[in-house]
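Please consult the sequence and the structure shown below while reading.

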Amino acid sequence: MLLSSLVAQASPLSEQQVQQLQGLVSQLNPIQQAWVSGYLAASAQLAGAQAGAPATASATSATLTIVYGSQTGNARHVAEALASLAKAKNIAAKVVDLADYKSSQLKNEQYLIIVTSTYGEGEPPENAVSFYNFLFSKKAPKVPQLKFAVLGLGDTSYEFFCKTAADFDERLAELGGQRLQARADLDVDYDAAASSWNNALISVVEPEFATAPSAQVINWPGQATTAAPASQYTKQQPFAAELYTNQKITGRDSGKDVRHIEISLAESGLTYQPGDALGVYFENDPAIVAELLQLTALEGEAQVTVANQTLSLSDALTSQLELTQSYPAFVEKYAAASANDTLQQLAADKTALRAYLTDRQIIDIVRDYPVSQTPISAQQLADALRKQQPRLYSIASSQAEVEDEVHLTVAVVRYDAFGQPHTGGASGYLADRLAEGDKVRVFVEQNNNFRLPANDDTPVLMIGPGTGIAPFRAFLQERDARGASGKNWLFFGNPHFTQDFLYQTELQGYLKQGLLTKLDVAFSRDSAQKVYVQDKLRKHAAEVYQWLEQGAHVYICGDANRMAKDVHQALLEIVQQQGSKTAEQAQQYLDELRVAKRYQKDVY
């Protein structure tokens, strides 16, 4: 039965509610529609059961609330794993994206677990910003009834390692909360440590839930945790996909090497939505592997153990271990194993070490300090290196347009340093070492905090310089396929019009057909005075503000440290000037847009 016919019959929904439901359903694939149906049925059943049950304030009615702040999906996966452990122990648990968590609920929580990443200069991930700001505001309540625990995920190569987790942990204690167990700050290779922390936490809370009659794991709307899996392929079990296309889309004289990548997902069952990311596993450069073996005087056939798997050192260095990104822990372990006094002294000076690691890959460190007098074993080298992590790329296509394909827009990392050429691990693999027809291991990482509006009439502002154009290509394909009537305004920037106008023909075609209402471009090196996307926003300040007042959703994709901050500042100025607001009121305006999911970022 069509949804539109519900109003004409004995429906409890208003016409507006039916329209909203239609907007949501139109975005969902069959599997997601089935999950929504099951979720609503289960919710109704639970509500009915609760309506007939006597109210109680005993410990048996308590719920373990698990919230996550996640930029790349890792914290979400850890939170879901914790909820599964709770369910196995008959502990009622709910998993909530911090973007969906109602701050007013904090004063009522008995048990709160926060799993969070950190990005940029010690900042909370985008979906945790609102809760973070609330917690550190005057509105935050005292929580003497609260028992809590915090788990941080981060990267020790960054100065502000797991700062958001530390901030949450300290603030909840200041507000009167009691720690269930000590905070753990985990590095990139976090799987085993996160599992241990989760198990320890469940052991602590299990006695307090021992009399609970049954366990449920509740996933708030927007979560996909309990949905039947669309595919057997995941981060832990990636799909071996075929590379269809590797096309350079920057000019011959461009200072950038950007590739349009097309990959087949045929027979994988993998599905994605605009806004999601594709995880890509890669193999390290064979020339770098060979040089590393030579500098350490090790044989590639030597057997090593990595993550409980025994394989040759050469294979481990090729496909299992990180050789591109450098980090302090490698220097410390390698210096100790090779008994290099100079390197050990450098490792002891954290400030000097971070400066040294800038622009250096693992091979650069070993080039500077090759193994000489004290031999290093194959296992010591493997233990000094951390497990390779897949790289995430914003998906640049809509399945409504490309069906069983997935497209990426990849900037190849290339630079010269210390007298040697350097190439990125995954980007170099996709661009240089993977031929069309070869297989690449991939998985889909959902990003529920970067989604098109449910209502196709809603106007959309997209700001994506450089490869930040990727998800907006997907957005435009999706809105085109859906026949969305909402206006679309894209701000794109890059150095040169003739060399760096990514997807120029497509965008101009969308502009001609009317799908793109407005297209503003900023080519920063084509004029004496550099012009960026934030300058274009300011130029059209009155119209930008008008779109916001008309309900437009705003999206930013690209560099987190500079571009996204500059764009945010420009938006603050526009709201302040055009809306006749103070700086504080302008910030509150954007905060309210974020809470309403009308201001979303996919930044890195």
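## Helix α15

The buried residues of α15 are G425, A426, S427, G428, Y429, L430 and A431. The helix spans residues 425-433 and is mostly covered, with seven of its nine residues buried.

## Overall composition

The model is predicted. The protein contains 22 helices and 22 strands. Of its 604 residues, 51% count as buried. When contacts between residues at least 6 apart in sequence are considered, 77% of them join residues at least 24 apart.

## The largest nonpolar core

The largest nonpolar core comprises 37 residues, and those with the most contacts inside it are V304, L317, F330, Y334, L381 and L385. Two or more residues each come from α7 (286-296), β11 (303-306), α8 (313-319), α9 (328-338), α10 (341-348), α11 (350-357), α12 (362-368) and α13 (378-384). The greatest contribution is that of α9, which supplies five residues. In soluble globular proteins, nonpolar side chains tend to be buried together.

L385 illustrates how this core is connected across the sequence. Apart from neighbours within four places in sequence, L385 is in contact with L317, L321, E322, L323, Y327, F330 and I362. Two of these partners, L317 and F330, are themselves listed with L385 among the core residues with the most contacts.

Within α9, the buried residues are P328, F330, V331, Y334, A335, A337 and S338. The cover over the buried residues of α9 includes α10, α11, α12 and α13. Just after α9, A339 adopts a positive phi of about 55°.

How do α9 and α10 pack? Their axes are 8 Å apart and meet at an angle of about 150°. Because angles over 145 degrees count as roughly antiparallel, α9 is roughly antiparallel to α10. The crossing of these two helices, α9 and α10, is left-handed. On the α9 side the contact is made by V331, E332, Y334, A335 and A336, and on the α10 side by L343, Q344 and A347. By class, this contact between α9 and α10 has six nonpolar residues, one polar and one charged.

## The packing of α10 against α11

The axes of α10 and α11 are 5 Å apart, and the two helices pack at an angle of about 105°. They are therefore roughly perpendicular to each other. L346, A347 and A348 of α10 form the contact with K350, A352, L353 and Y356 of α11. The contact of α10 with α11 has six nonpolar residues, no polar residue and one charged residue. A347 of α10 takes part in this contact and also in the contact with α9.

## Positive phi angles in loops

Most residues other than glycine have a negative phi. Where in the model does N308 lie? N308 is placed in the loop between β11 and β12 (309-312). Although N308 is not a glycine, its phi is positive, at about 65°. N308 is exposed, with a relative accessible area of 80%.

K597 lies in the loop between α22 (583-595) and β22 (599-603). Its phi is near 60°, a positive value in a residue other than glycine. Is K597 buried, partly exposed or exposed? With a relative accessible area of 25%, K597 is partly exposed.

How values were computed
Residues are numbered from 1 along each chain as its sequence is written. This is a predicted model: local features need pLDDT of at least 70, side-chain atom pairs count only at pLDDT 80 or more; totals for chains, interfaces and linings use all residues. Side-chain values use heavy atoms; hydrogens and water are left out. A nonpolar core is a set of buried Ala, Val, Leu, Ile, Met, Phe, Trp, Tyr and Cys residues joined through side-chain atoms within 4.5 Å. Buried means under 20% relative accessible area, exposed over 50%, partly exposed in between (1.4 Å probe, protein chains only). Helices (H or I, at least four residues) and strands (E, at least two) are DSSP runs, numbered from the N terminus. Contact means heavy atoms within 4.5 Å. Axes are lines fitted to C-alpha atoms, for helices over the stretch in contact, and angles run from 0 to 180 degrees between N-to-C directions. Angles under 35 degrees count as roughly parallel, over 145 as roughly antiparallel, 65 to 115 as roughly perpendicular and the rest as oblique. A crossing is left-handed if the near helix is turned anticlockwise from the far one by less than a right angle, and right-handed if clockwise. Ala, Val, Leu, Ile, Met, Phe, Trp, Tyr, Cys and Pro count as nonpolar, Asp, Glu, Lys and Arg as charged, and the others, Gly among them, as polar.
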